[in-house]
Amino acid sequence: DARSGLCTQTFYGHANSCNAVAFTRLGNVLASTDADGIVKLWDTRMVAEILTAEVSQTPANKASFDRSGTVLAVASDDGRVRTFNATTGEMLSELNAHGDAAQAVVFDPADQFMVTCGSDNSFKLWA
């Protein structure tokens, strides 16, 4: 509980430092990214790992779910942003988004756009 400061659950499973986490809109699935380029999906109700995917040979910096929770976008140190089917782990697309590390990615609330930002001092809007 964030108000009381009480930790209600700790998730273990990454072999290297975790860089970011993201909830689906419903809160039933959590994505975690790590410095090895691994993304793990977790069932928050069962406190269980449901999917592991190696998304890059470089650190995975940030993840974001679309509104439906079926598409996961991941920004990586190699400057790429990849989207995945959050159920199967299948890669849907790979964008050469930035000339340096892609630091973050987020979907707009209407799912019309995706925004990425990078260490190349830019942010980009994708349709």
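How many cavities of 30 Å³ or more does a search of the whole structure find? I ran the search on this predicted model and got one.

**Cavity.** I looked up the volume next: the largest cavity holds about 50 Å³ of space. I then listed the lining, which consists of Val39, Leu41, Leu51, Ala53, Val55, Leu72, Phe84, Asn85, Ala86 and Gly89. Strand S3 (38-43), S4 and S7 are the elements that each give two or more residues to this lining. I sorted the lining by class and counted eight nonpolar residues, two polar and no charged ones.

**Sheet.** I traced an open sheet of four strands in the order S5-S6-S7-S8, with antiparallel pairing. Strand S5 (60-65) and strand S8 (91-96) are its edges, and each pairs on one side only. I also checked the angle: neighbouring strands here are turned by 20° against each other on average, direction ignored.

**S6 and S7.** I zoomed in on strand S6 (residues 71-76) and strand S7 (residues 80-85), which run antiparallel and are joined by five bridges. Alanine 73 stands opposite threonine 83 in S7.

**Alanine 48.** I found alanine 48 in strand S4 (residues 48-54). Is alanine 48 buried, exposed or partly exposed? I note it as partly exposed, because its relative accessible area is 29%, between the 20% and 50% cut-offs. Which residues does alanine 48 contact, leaving aside neighbours within four places in sequence? I noted Leu41, Trp42 and Asp43. Last, I took a C-alpha to C-alpha distance: alanine 48 and leucine 95 are 30 Å apart in space and 47 residues apart in sequence.

Notes. Residues are numbered from 1 along each chain as its sequence is written. This is a predicted model: local features need pLDDT of at least 70, side-chain atom pairs count only at pLDDT 80 or more; totals for chains, interfaces and linings use all residues. Side-chain values use heavy atoms; hydrogens and water are left out. Buried means under 20% relative accessible area, exposed over 50%, partly exposed in between (1.4 Å probe, protein chains only). Contact means heavy atoms within 4.5 Å. Two strands pair if DSSP finds at least two bridges between them. Axes are lines fitted to C-alpha atoms, for helices over the stretch in contact, and angles run from 0 to 180 degrees between N-to-C directions. On a 1 Å grid over the protein atoms alone, a cavity is a set of points where a 1.4 Å probe fits but cannot get out, and a pocket is an open set with protein on both sides within 12 Å along at least five of seven lines; lining residues have an atom within 4 Å of a point. Grid points are joined across faces, edges and corners, and a volume is the space filled by probe spheres set on the points. Ala, Val, Leu, Ile, Met, Phe, Trp, Tyr, Cys and Pro count as nonpolar, Asp, Glu, Lys and Arg as charged, and the others, Gly among them, as polar.
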